[in-house]
Amino acid sequence: CLENTDPRTRGRGIQLLSQVLLQCNSLLQEKEVLHLVLFYENRLQDHHLVIPSVLQGLRALSMCEVLSPGLAVSVLKAIFQEVHVQSLMQLDRHTVYSIITNFMGTREEELKGLGADFTFGFIQVMDGEKDPRNLLVAFQIVHDLITKNYALGPFVEELFEVTSCYFPIDFTPPPNDPHGIQREDLILSLRAVLASTPQFAEFLLPLLIEKMDSDLQSAKLDSLQTLTACCAIYGQKELQEFLPSLWSSLRREVFQTASEKVEAECLAALHGLSACLSRSVLSSDTEDLLDSFLGSILQDCRHHLCEPDMKLVWPSAKLLQAAAGASLRAYHRVTRSVLPLLLEQYTKHPQSSQRRTILEMLLGFLELQQKWGHVEEDESTLLSLRAPICSVVFSALTDPSVQLQLVGIRALIVLGSLQGFLSPSDLELVVDHLIRLALHEEDSQSSEAAMEAAGSLAPIYPKIFSGHMVPRLEEELQSEREEESSRDHCSLQQRCLQALAAVSIHTSIVRETVPVLLQHLRKVQKGSKARNAQDVVSVCQSLHRVALQCQQDAEGCWYYHQTVVPCLLAMAVQAATQESTHPLLGKALLEEEVLAAMVPVISAATTHLSPELAAQSVSHVVPLFLDGEVSFLPQNSFPCSFQPFEDGECLEAQRRLVVLLMAFVCSLPRNVAIPQQERLLRELLALSCSCNCPFTATTAAKCFAGLVNKHPAGQQLDEILQLAVNRMEPGLAEGPRQTQALTLLLWVRPALDAGRGERQGGWPGADSALPAQVTKALVLRYHPLSSRLTDKLLGLLGDVELGPAAADGFSLLMAESPDVLHKDCHADVRIMFRQRFFTDNVPKLVQGFHGAGPDVKANYLKGLSHVLNHLPKPVLVTELPTLLSLLLEALSCSDRVVQLSTLSCLQPLLLEAPQIMSLHVDTLVTKFLSLASSPTMAVRIAALRCAHALTSLPTTVLLPYKARVIRALAKPLDDKKRLVRKEAVAARGEW
């Protein structure tokens, strides 16, 4: 067959042999490879029909590890001499590139022995290649030729020409391309070649300059990005001849372009050029190209900075900043010329808008100095201009224009971050300005920006801020100004509290601010009415912010915890014991909103404690609530004993403080042992089932749930859970304790399941509170009992009285929990617990709905909509076909919560599953338009958003409804609520 006179037959014979070699090339011995190579080289002179099969055989042999020295060179010479590669088919050309790639990977030294002949041979192979699949391989070969130091000899220009002819890439992949080659792949591969050697510079730079003038934005961007890449490897010698032309092209593009992308790439290229010139080593007889290049930029741009109202001012500033940011040498050269000019222009232009522009430019140059840190005294322009710069920034802070103030505040942060720039007297002035802006500036933007600035500078200058700012804020906080209205005084105190929290970044400052905040808290909590309660909440919000800022510093966190937590507990216990003896005082500290505001403070102060310190703290707090042990509290002389778990109407105020116990013990790390835990659980269980106060009962249930969720598995946990179930079931059956029993059921179930999280707020749909807590705690950790409790909850949906609250409980089970059952509190939260809950329980909900009476069907729909609303949307989309009919029926339910939850669920589905939703478009349009007239604003807004989302369905589906929808959406355009009108405008516009 191999000797047959018919070339087709010979080709088939060689093809068979080549396919065998491709399968078994690793088994060949050296002599066998030698004979085969000689045979295949000879066959390269055969008929052109045979050549593809010969190349396949050579590719197989190129992968042999036992290839004799010299054979790789012999094979490539034969290919270069005998094969006209570009006349072959694409696959055969790819085979040639593969042979070369294989030899370059395994026989590098042999190929380098060919010298420039190898480079010339490859140029002949590649010349004229058009297929993108082959070009990716060819570009990689050229890149390896250059980076692995193969000899290019006199063929540098030829190698450049054979690759640069593809620049810029304009390839567009065909639709449904199975090879997946993108234009970006070719661009990056070619750029790696062009920017791989300075030897291409004399040919490449003129090409880039030419392409920068192209009308095609893609060509401009490609040229600029390639120039930036080249600057990383070029030196002064390569760039010198072309610098004027490059600068001219870059300047023209930045001054004239309307494209932000082109402008950004021009600035990056200019930065690269400046950095490249900065790397050059200067000698006495060479010109400083960086200096002359920056001189050209200054000459063309500097005068535009004197015209802050003209359109070229910002392009000029950006060009100067791009060049200056490349190196410290470039920065000094530019700022020596520019900074004095900007300071002069600021003085010359009195208008706030002009000053703002000038100060923003000045700020840009100041920010560049941050890259190099400390300001060097010997050569820094900044230090010589310290006084005028500070003067300009301080004047901006006192300007009536809020926008100029904001820029001034940003500049102040930058100046403060420059080590060694601001003098002690300047820093005191900075503090004065920040206090004035934070406390007395009418505009809230400036006030908030000043507080943020104080927070940024406080860690850098802790002594200045703790010694000057904190005492001033304390003085303002304690002052009683008769001339001010009550409202103004309240606003001032609020800002003082926010400012104290903002600067509490450094531990030394925290030690100063926390006592001030606690002292103010003692002062404001003595009253009894609404204002005092709001004041206490404001202090707690500031304390919470400080706690969050302390969490990452172990020393600061422990100081905060041992200072704040006992103080809050002492004040609360004092108020509660006074209330027990004098019920009519009505202490502000016992208000629900105040206690709720104290919860995140204690929680944030506890979550990041080390296990050792947390154990030390828990040994005091738990005995306080169980045994009334108050010795560790400051000022612990109370009117009566503290017994929150004892019976008695006069102890109702004390029982409210269980919320603080919850905040503490539910935030402890899981590996911290809680003393008397079993007793504590039993007391919490009894309180949650017997207390008449919804707030206290819910709090006790949540605390019980949090502890159960973290409790190690075992007999003790099973016993306490069985006790909880025994307490719940009779309560759920009938009687006055149904509400408490349901609350406990809900919370304990998620705690067992996976430590998931509960909804903020004490008493949502009061009936759902108690059983829900237990259920949630177990759901989150996949406890076996969770399924039993969930079934109990499903059964309650058929109860006329408890059904609506039980349905709301499904929202509690699925939603995130802000204060107990979430990961930040170290709860046991298993992954995908929502998906598991959905899989286990939605079929039961659907079955229950179909078998329920008409008076309770709405309960099942409400529960279902709550579950679906919290389910990850990709999971919901897969289940949509089976559940959509129920969701549509839920829209007809009169319950506002069901409507809102269902609409929230449907809106993203319209965007993510348009094909399925299209099948029900008639029903959807009717329901959405009907609900757009709902008496509830939130429902109207949600319905209009869904009507808006309908426009993502296929146009052919929507066209029959277009006129009807546009007509119907005219009515909400006149809605009395602005937010409804806003959504109506958006929806009607899309239709």
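**Aromatic pairs and a helix contact in the predicted model**

Phe139 is buried, at a relative accessible area of 0% (buried means under 20%, exposed over 50% and partly exposed in between, with a 1.4 Å probe and protein chains only). The model is predicted, so that local features require pLDDT of at least 70 and side-chain atom pairs pLDDT 80 or more, whereas totals for chains, interfaces and linings use all residues. Residues are numbered from 1 along each chain as its sequence is written, and side-chain values use heavy atoms, without hydrogens or water.

The whole structure contains 9 aromatic pairs (rings of Phe, Tyr and Trp, the last by its six-membered ring, with centres within 6.5 Å; planes under 30 degrees apart count as stacked, over 60 as edge-to-face and the rest as tilted). In one of these, the ring centres of Phe118 and Tyr150 are 5.6 Å apart and the planes lie at 40°, so the pair is tilted. Phe118 belongs to helix α7 (residues 116–126) and Tyr150 to the loop between α8 (132–147) and α9, 32 residues apart (helices are DSSP runs of H or I, at least four residues, numbered from the N terminus). Phe118 is buried at 1% relative accessibility, as is Tyr150 at 6%. Lys112 lies over the face of Tyr150, 5.4 Å from the ring centre (NZ of Lys or CZ of Arg within 6 Å of the centre and within 35 degrees of the ring normal).

Phe139 and Tyr166 form an edge-to-face pair, with centres 5.7 Å apart and planes at 75°. Tyr166 is likewise buried, at 15% relative accessibility.

Technical notes. Helix = DSSP H or I, 4+ residues; strand = E, 2+ residues; numbered from the N terminus.
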